[in-house]
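Please consult the sequence and structure shown here.

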Amino acid sequence: DERGDNVWDTPHKVIHVLCSPRATGPWSEIAEPATPRLTEGPILFRRGNLWTMFYDHFMEGFFGAVESEDGKTWRDITGQIEFPPGPRHASVLEVSDEIAAGLRALIR
C-alpha cells in the first residue's frame, strides 16, 4: 500500500495479501495487513507447511518477518530470525548446511 506519506502515523505503507481468480484481477483482500506500518519489499516463500514473509522496515533499516499457515492470520517471528545489519529488500534461496555455516561465519 504505497498511498500516503512516509510518516510514523500513516494508516498506509503496509503489506496486504490479496487474491484473485486471474493475475489481472479483480483482487480482494483476504485479511488485515500482514505487516506493521512503514514496511515494503516483501519476499514470500514456503517453509515446510508455513508461508513466511520477510519485509523491509524502510524508515528504520531492519527486516521483519511474519509467518502464516493460511495466508490470512500472520504471526510476527522477527525475534526468531537473525538478519544481517542494514538489509534492503531480499531474495530467498536454499543452500546446503555447509554453505550456510560459511555464510554465517562471514557475518560474525
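Helices are DSSP runs of H or I with at least four residues, numbered from the N terminus, and a residue counts as lining a pocket if it has an atom within 4 Å of a pocket point. On that basis, α1 gives the most to the lining of the largest pocket, with five residues. The model is predicted.

**Largest pocket**
- The space in the largest pocket amounts to about 930 Å³.
- Its lining is made up of 21 residues, and Phe54, Glu82, Leu93, Val95 and Leu103 are the ones nearest the centre.
- At least two lining residues come from each of β3, β4 and α1.

**Sheet**
- Four strands form an open sheet in the order β3-β4-β5-β6, and their pairing is antiparallel.
- The edge positions are taken by β3 (40-47) and β6 (75-76); each has a single partner strand, so one side of each lacks a neighbour in the sheet.
- β3 runs antiparallel to β4 (residues 50-57), and six bridges join the two strands.
- Leucine 44 has methionine 53, in β4, as its bridge partner.

- A nonpolar patch on the surface consists of Leu93, Val95, Ile99, Leu103, Leu106 and Ile107, which together have about 600 Å² of accessible area.
- One of these residues, isoleucine 99, is located in helix α1, which spans residues 97-107.

Notes: Residues are numbered from 1 along each chain as its sequence is written. This is a predicted model: local features need pLDDT of at least 70, side-chain atom pairs count only at pLDDT 80 or more; totals for chains, interfaces and linings use all residues. Side-chain values use heavy atoms; hydrogens and water are left out. Patches are made of residues with over 30% relative accessible area and no salt bridge: like charges are joined within 9 Å, nonpolar side chains (Val, Leu, Ile, Met, Phe, Trp, Tyr) within 5 Å. Accessible areas come from the Shrake-Rupley method with a 1.4 Å probe; for residues, only the protein chains shown count as cover. A salt bridge is a side-chain nitrogen of Lys or Arg within 4 Å of a carboxyl oxygen of Asp or Glu. Two strands pair if DSSP finds at least two bridges between them. On a 1 Å grid over the protein atoms alone, a cavity is a set of points where a 1.4 Å probe fits but cannot get out, and a pocket is an open set with protein on both sides within 12 Å along at least five of seven lines; lining residues have an atom within 4 Å of a point. Grid points are joined across faces, edges and corners, and a volume is the space filled by probe spheres set on the points.
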